[in-house]
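Visitor: I would like to learn how to read a protein model step by step. Could we go through some features together, with the general idea before each case?

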Amino acid sequence: MNPEQKRLLRIIQALEFTAIDLTLYLDTHPADERALAEYNEVSRRLQEAMMDYQRRYGALKSYGHSPPQTRWTWIDEPWPWEVSD
Amino acid sequence: MWIYEKKLEYPVKVRRPNPGLAKNIITQYGGPDGELAASLRYLTQRYTMPTSQAKGVLTDIGTEELAHMEIVAALVYNLIKDAPLSQIKAAGLDGYYADHDRAVYFVNAEGVPWTAAYIQSKGDPIADLHENMAAEEKARATYEWLINLSDDPDVTDVLRFLREREVVHFQRFGETLNIVHEYLDRKRTF
Ligand SMILES: [Fe+2]
């Protein structure tokens with residue numbers, strides 16, 4: 001994984017982590033409008049970052065959730081647990 | 001259904017083999033307070049939760065625990081994959097090696113395989129949510145003992161992340177317990 005690819009992946013991980021944490025918070029505070037606005041904003045940025053990454057480096061999601069590809073990138077290495085850097 | 005994402009929730013870095021550390025961390029994979037137990041507990045309890053909010057919390061935390069299970073597996077896998085047999089023996093992991101080589105299996109730190117008896121699904125939302133709050137505290141404590149045992153700063157960093165998540169999950173289950181109590185009280189009054 002080249003440094004630019006890793007940098008983008010770290011951004012995606014950070015954005016999605018924020019989205020996960022806000023999801024759990026909103027489950028118990030569904031009327032919190034500020035949290036909802038934050039969730040909407042982070043979701044928008046996450047979608048953008050995911051699309052950008054996947055167009056350059058291949059699919060991050062399976063089952064029809066990644067942008068069109070010209071070859072089957074899903075099975076490209078590394079898999080998430082192949083991480084020793 | 002679930003969609004797999006080809007990335008970890010939190011980055012894992014392992015620079016050198018450390019089967020002794022892997023032997024302890026594996027309990028958060030297949031031990032009594034580990035991530036498999038957490039995930040399966042919440043995902044099976046959700047069917048009989050009385051409020052939509054509680055169903056949501058159990059679905060979402062159960063799903064996040066699957067991501068944590070993958071992080072723990074990534075730690076264990078990388079800590080043992082290049083370990084020489086002499087190190088595996090010295091770490092007391094030779095019994096595990098006899099059964100699994102360097103594969104990742106659901107056992108606790110002493111090699112006892114995972115069992116569904118670790119978890120409960122009681123059909124009583126108050127009992128279930130109390131179990132879940134206790135489970136989160138036990139997982140938090142386990143991560144603290146693992147941090148005490150860790151001699152690898154990169155691994156400790158990941159254990160700290162996982163520990164923090166248990167604190168947040170405990171908080172959300174506590175709020176869910178209050179919401180379910182209110183719901184049951186209202187049902188009783190009207
Ligand atoms: Fe948890």
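Predicted model: local features only at pLDDT ≥ 70, side-chain atom pairs only at ≥ 80, totals over all residues.

Visitor: How far apart are B:Pro17 and B:Ala127 in sequence and in space?

Guide: B:Pro17 and B:Ala127 are 110 residues apart in sequence, and their C-alpha atoms are 42 Å apart. As another case, B:Asp124 and B:Gln45 are separated by 79 residues along the chain, with 9.3 Å between their C-alpha atoms. B:Asp124 itself lies in the loop between α6 (94–100) and α7 (125–149) of chain B, and its relative accessible area of 36% makes it partly exposed.

Visitor: How should I read the packing of two helices, and what is the angle between α1 and α2 of chain A?

Guide: Two packed helices are described by the angle between their axes and by the distance between those axes. In chain A, helix α1 (residues 3–28) packs with α2 at an angle of about 150°, and their axes are 9 Å apart. Because angles over 145 degrees count as roughly antiparallel, α1(A) is roughly antiparallel to α2(A). The crossing in which α1(A) passes α2(A) is left-handed.

Visitor: What about the backbone, and which peptide bond is cis?

Guide: Most residues other than glycine have a negative phi, and most peptide bonds are trans. Here, the peptide bond from A:Glu77 to A:Pro78 is cis, with omega near 0°, and A:Pro78 lies in the segment after α2 of chain A. A:Tyr63, which is not a glycine, has a positive phi near 60°, while B:Asp101, also not a glycine, has a positive phi of about 55°. B:Asp101 is found in the loop between α6 and α7 of chain B, where its relative accessible area of 42% makes it partly exposed.

Visitor: Is A:Tyr63 buried or exposed, and which residues make a nonpolar surface patch with it?

Guide: A:Tyr63 sits in the segment after α2 (33–57) of chain A, and since its relative accessibility is 61%, it counts as exposed. Together with B:Met1 and B:Ile3, A:Tyr63 makes a nonpolar surface patch of about 400 Å².

Methods: Residues numbered from 1 in each chain as written. Chains lettered and ligands numbered in written order. Heavy atoms only, no water. Patch = residues over 30% accessible without salt bridge, like charges linked within 9 Å, V, L, I, M, F, W, Y side chains within 5 Å. Areas by Shrake-Rupley, 256 points an atom, 1.4 Å probe, with all protein chains shown as cover. Salt bridge = Lys/Arg side-chain N within 4 Å of Asp/Glu carboxyl O. Helix = DSSP H or I, 4+ residues; strand = E, 2+ residues; numbered from the N terminus. Buried < 20%, exposed > 50% of the residue type's maximum accessible area, 1.4 Å probe, protein only. Axes fitted to C-alpha atoms, helices over the stretch in contact; angles between N-to-C directions. Parallel < 35°, antiparallel > 145°, perpendicular 65-115°, else oblique. Left-handed = near helix turned anticlockwise from the far one by under 90°.
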